[in-house]
Amino acid sequence: MLLQSFLYKALGMSLAACEDLVHVKSQIHTLLTTTDYMEAPERQGVISILTGCAESHLDLVLNALQEFGAAMSKVKISGFISHLKDYCHGTRGKTRSTLMLTYSNVAVHAPKEQLLSRVEVDITGNVLHRYRTSCQVSDCWY
């Protein structure tokens, strides 16, 4: 577990040091879409990587989080109610809470000179939006 935590932080720092923004954006997108949000170590890993990356690429990380959150909100699942209920309270709920924690950690570690202009709309606004959508019962009953 300690080694895994170190590796996540190292990957975040490596992405922060990378000057190829197309590559960084691609890695962030891959990370967000392939993570198993039901696994706590993977959720913590995503938070750690994106927090480290945001130290140099704040705009890229915030944009990727916003795009991922918007895409996640549009996903509709058809099928049995029990499957849908499990999905909403399981994967979707864990993903939303991970996004909220990521925004918070990014804010704590972001460069202060860039943070002020982004904190109200891009960070606080998205955390509140994720919180509101996680509280909507109708969200789980299509």
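Author: One term to start with: buried means under 20% relative accessible area. This is a predicted model, and buried residues make up 40% of its 142 residues.
Reader: OK. How many helices and strands does the protein have?
Author: Six helices and zero strands. Along the sequence the pattern reads α-α-α-α-α-α.
Reader: And contacts with a separation of 6 or more: what percentage comes from residues 24 or more positions apart?
Author: That share is 77%.
Reader: Confidence next. What's the mean pLDDT?
Author: The mean is 82. Of the residues, 75% reach 70 or more.
Reader: Which elements have the lowest and highest mean pLDDT?
Author: Helix α6, residues 112-135, has the lowest at 70. Helix α2, residues 21-34, has the highest at 96.
Reader: Where does pLDDT stay under 50?
Author: Over residues 137-142. The model has 15 contacts for that stretch beyond four places in sequence.
Reader: Now pockets. How much space lies in the largest pocket?
Author: About 280 Å³.
Reader: Which residues lie nearest its centre?
Author: Ser5, Tyr8, Lys9, Gln44 and Ser48. The lining has 16 residues in total.
Reader: Which helices each supply at least two residues of that lining?
Author: α1 (2-17), α3 (40-54) and α5 (81-109). The largest share comes from α3, with seven residues.
Reader: What's the lining like by class?
Author: Five nonpolar, nine polar and two charged residues.
Reader: Is Cys53 buried or exposed?
Author: Buried, because its relative accessibility is 0%. Cys53 is in no disulfide either.
Reader: One more residue, Gly90. Which helix is Gly90 found in?
Author: Helix α5.
Reader: Why does Gly90 count as buried?
Author: Because its relative accessibility is 10%, and the cut-off for buried is under 20%.
Reader: How far is Gly90 from Met38, in sequence and in space?
Author: The two are 52 residues apart in sequence. In space, Gly90 and Met38 are 7.1 Å apart, C-alpha to C-alpha.
Reader: Good, that covers my list.

Technical notes: Residues are numbered from 1 along each chain as its sequence is written. This is a predicted model: local features need pLDDT of at least 70, side-chain atom pairs count only at pLDDT 80 or more; totals for chains, interfaces and linings use all residues. Side-chain values use heavy atoms; hydrogens and water are left out. On a 1 Å grid over the protein atoms alone, a cavity is a set of points where a 1.4 Å probe fits but cannot get out, and a pocket is an open set with protein on both sides within 12 Å along at least five of seven lines; lining residues have an atom within 4 Å of a point. Grid points are joined across faces, edges and corners, and a volume is the space filled by probe spheres set on the points. Helices (H or I, at least four residues) and strands (E, at least two) are DSSP runs, numbered from the N terminus. Ala, Val, Leu, Ile, Met, Phe, Trp, Tyr, Cys and Pro count as nonpolar, Asp, Glu, Lys and Arg as charged, and the others, Gly among them, as polar. pLDDT is the predictor's confidence in each residue, from 0 to 100. Contact means heavy atoms within 4.5 Å. Buried means under 20% relative accessible area, exposed over 50%, partly exposed in between (1.4 Å probe, protein chains only). A disulfide is a pair of cysteine sulfur atoms within 2.5 Å.
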